[in-house]
Number of protein chains: 2
Amino acid sequence: MNMRRTTIKDVAGAAGVGVATVSRVLSGGSASPETRERVLTVAAQLDYRPSALGRNLRQRRSGGIGLLLPDITDTFYGRVADGVLACARSAGEPVIVGATGDDPESEAELIGTLLEQGVDRVIAVPSGDGDSWAPTLRAGVVTVFAHRLAAGRDDIPAVVADDRAGVRTAVDYLTGLGHRRVAYLGGPGQEQRLSVFRQALGPLVDEELIVVARGSRDSAYAAAAGLFQHRPDLTAVLAGGNLLGEAAVLAARELDLRIPRDLSLIMFDDVPWAELCSPPLTVIAQPARDIGYRAAELVLRGGARRPRGVLLPTELIVRGSCAPKGTSRSPR
Amino acid sequence: MNMRRTTIKDVAGAAGVGVATVSRVLSGGSASPETRERVLTVAAQLDYRPSALGRNLRQRRSGGIGLLLPDITDTFYGRVADGVLACARSAGEPVIVGATGDDPESEAELIGTLLEQGVDRVIAVPSGDGDSWAPTLRAGVVTVFAHRLAAGRDDIPAVVADDRAGVRTAVDYLTGLGHRRVAYLGGPGQEQRLSVFRQALGPLVDEELIVVARGSRDSAYAAAAGLFQHRPDLTAVLAGGNLLGEAAVLAARELDLRIPRDLSLIMFDDVPWAELCSPPLTVIAQPARDIGYRAAELVLRGGARRPRGVLLPTELIVRGSCAPKGTSRSPR
DNA sequence: CCCGATATTGGATACGTTTTCATGCATCTC
DNA sequence: GAGATGCATGAAAACGTATCCAATATCGGG
C-alpha cells in the first residue's frame with residue numbers, strides 16, 4: 001500500500017501536457033482555454049492537491065502567518081487571535097501561533113522558530129523592547145505589531161486601540177465623580193498608558209498609586225492586594241486589562257472593600273463576565289478582534305505602501321462599578 | 001544587498017567538508033569528534049539556521065502540529081490551546097491553529113489546508129460526525145481528538161475529561177439537594193453527556209428540560225431564556241460549558257430568577273469569573289490545559305504504541321450557586 | 001505568400017535539505 | 001599477512017514545485 005501522493009507530474013502525464021503548463025494553469029498563468037479546462041478536470045479527477053512543501057521551497061517562503069501572543073488564555077488575546085484567524089482564513093493562509101508569556105527571551109526563541117519555518121509574515125504583541133525584532137527585519141519578514149508598540153521600533157507598523165483616549169476618558173470619568181486618589185493597576189508593556197495616566201491626572205498623580213504587575217494572575221492579585229492594603233485612602237482604581245480587573249475585584253472582596261461604595265473600578269477591556277459581576281463592571285471596551293483582523297489585513301497586503309499604523313477607537317461603557325466619592329471608605 | 005540566506009552548502013564549504021557531513025552533525029548522526037566540532041563552530045560563526053523548507057520537502061512532512069478548535073475565544077479552548085502550545089514548544093514544533101466554529105464544512109476545509117501544508121500531526125476538537133477525518137487517516141496523519149469524540153471514529157484516540165463521572169456527580173449533587181426537575185443546557189457535540197444525564201436522572205428525566213444550543217453566545221442565551229420561560233417549574237440546571245453557564249446566569253437575571261434561591265446552577269468548566277459571580281458558581285472543573293498537553297504528547301509520540309485514549313478526572317467545586325429545593329420558585 | 005509578432009507550451013533548472021550508496025582508510029581476526 | 005569488519009566521509013539522488021528560456025504554433029499585415 002505505497003500510497004504516494006499525487007503530484008503535479010501525475011496530473012501533467014494524465015492530461016498529456018508538461019508540468020510547467022499544469023503549474024501555470026493552477027496558479028493563474030496564461031494558457032489556452034481548452035488546455036486549461038483539460039488540466040482542471042484531470043486535476044479534479046485525480047483529486048490533486050498542490051503540495052505547499054514544494055511550493056514553499058521553490059519560492060523560499062512558507063506563505064503562513066506567524067502570530068505571537070503573550071498568553072492565549074487571556075480572552076483579550078483570544079479575541080485578537082480570532083480576528084487574525086478569520087482574516088487569514090479568507091486568504092487561505094495558515095497561522096502559526098506561539099505564546100511568549102510576555103518574556104523577551106521566549107519571544108526571541110519563538111521568532112527563531114518562525115524564521116526557520118520560512119514564515120515571511122508575522123503579527124505580534126511585542127514583549128519588552130524591540131531588540132528581538134532585528135532578525136525578522138533583516139530576513140525581510142513583513143512584521144506588524146498588535147495592541148502594543150515596542151520601544152525603539154517605530155519602523156514597524158502597529159494596530160492598537162486608542163489607549164490615549166481610553167485612559168483619558170476613564171480618568172476624566174473618575175475625577176468627574178469626585179475621586180482624587182486614583183490608582184493605576186497595570187501590566188507589562190503599558191508604558192504609554194502610564195504616561196497618559198500621569199498626564200491626565202495632572203497634579204493629582206501619586207506615584208505610589210501606580211503599580212504594575214507581571215503577566216500572571218498571581219502577580220496581578222498580589223499587586224492589587226498590596227495596593228489596597230498599603231493605601232487604604234484610595235477611592236478609585238483603573239485596571240489595565242481584564243486580568244488586572246479580575247484581580248482587583250478579587251482583592252477588594254478579600255479585603256472587604258465594597259464596589260463601588262468603598263472603591264470605584266474601571267477596567268480596560270470589555271469581557272462577557274464584566275456584565276455578570278456584581279456590580280457589573282464599568283469598562284473601557286477595546287476592539288480586540290478588529291485589532292487582530294486589521295493587523296492580518298496589513299500583513300497580508302505586504303510591504304507595499306503600508307501605513308504607519310492603525311488606531312482603533314475605545315469606548316467607555318458605564319455599568320455599576322463606579323460611584324461618586326460620596327461615602328468615603330470606612331476605616332478598619 | 002543580495003542577502004542570500006546562508007545554507008548548508010556554505011557551512012560545508014567553509015568547514016571543508018561535504019554537505020552530507022554537515023547534515024549528519026546537525027541532526028545527531030555519527031561523525032568524528034574533530035569534524036563535529038569544526039562543523040559546529042563554523043555553523044555558529046556563520047549563524048547558520050537550517051531551513052525547515054528544505055527539510056520538510058525532503059522528508060515530505062512539515063513537522064508542525066495542526067490544532068483545530070471550535071472557538072479560540074472560548075477560554076476553555078484557549079486553555080486547551082495553551083497546553084498544546086506548551087508541549088509543542090518543548091519539542092520545538094510549530095503549531096498551526098484553525099477555528100472551525102463547530103461547523104463540519106469549515107472543519108473539512110481547514111483539514112484540507114493542513115494536509116496541503118504537509119502537516120502530519122493533528123489535534124482536534126471534532127465537529128459533527130467523523131466523516132471529515134477520512135482524508136487525514138488516508139494521508140497517514142497522526143490524529144488525536146481532544147475534549148470530544150467523533151461519532152463513528154473510535155479508531156482515533158482521544159483525550160477527554162471524564163464527562164461520565166462529571167455529569168453523574170453533578171446530577172447526584174442536585175438530586176441530593178432535593179431537586180426533581182433538573183434541566184440540561186447543552187452545546188454541540190455533547191451527546192455522551194446527554195446520555196449520561198438521562199441515565200443518571202433515571203425516572204426523573206424530562207425530555208423537555210433538555211435543550212442544546214449551537215456554539216454561539218446568542219444561541220446559548222436564547223436556549224437558556226427559552227428554557228426558563230417555558231418551564232417555570234424547573235429548579236435546577238446543569239450547564240454544559242462556560243458559555244452556557246454565562247447564558248444561564250444572564251437569562252436568569254433577566255427573568256428575575258434568583259440564584260440559588262429560585263434556581264440552582266452547576267456549570268461545566270471552572271473559569272476565573274465563576275468565583276467573581278455572585279453568588280460564585282458551583283462548577284465541574286475540567287483540566288482543559290492538561291487535555292491539550294496530553295493530546296500533544298500523544299500526537300508527538302506518534303503512531304507507535306499509542307493507547308486507545310486518555311481519561312482525565314473532573315472535580316466538583318462547590319461554591320454558592322446551588323441550594324436545597326427549599327423555597328420553591330415563586331409564581332409570577 | 002512570406003515575415004515578424006505574439007501566444008502557448010514543455011524541457012530544464014533551482015530551491016535546501018536528508019539519505020542512500022560507494023569509497024577509502026584503519027583496525028581486527030585467523 | 002590476507003581477508004573481513006567497521007567507521008567516517010562525500011558525491012549524488014531525490015522531494016514537488018515555480019519559473020526561465022527556447023521552441024513551436026498561430027496570426028495579422030504587407
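Helices (H or I, at least four residues) and strands (E, at least two) are DSSP runs, numbered from the N terminus. A residue is near a molecule or strand if its C-beta atom, placed from the backbone, lies within 6 Å of it.

The model is predicted: local features need pLDDT of at least 70, side-chain atom pairs count only at pLDDT 80 or more, and totals for chains, interfaces and linings use all residues. Residues are numbered from 1 along each chain as its sequence is written, and chains are lettered from A and ligands numbered from 1 in the order in which they are written.

The largest share, six residues, belongs to α4(B). Twelve residues near DNA strand C are nonpolar (Ala, Val, Leu, Ile, Met, Phe, Trp, Tyr, Cys and Pro). Eleven are polar (the others, Gly among them) and seven charged (Asp, Glu, Lys and Arg).

DNA strand D also has 30 residues around it. The closest are A:I8, A:A20, A:G54, B:G18 and B:A20. Here α4(A) gives the largest share, six residues. The surface near DNA strand D holds twelve nonpolar, eleven polar and seven charged residues.

A rotation of 180 degrees with 0.0 Å of shift along its axis superposes chain A on chain B (RMSD 0.1 Å), by least squares on the C-alpha atoms of residues with pLDDT of at least 70 in both. That is the relation of a two-fold axis. The same surface serves both copies: 100% of the contact residues of chain A (C-beta atoms, placed from the backbone, within 7 Å) recur in chain B.

Terms used:
Two residues are in contact if their C-beta atoms, placed from the backbone, lie within 7 Å.
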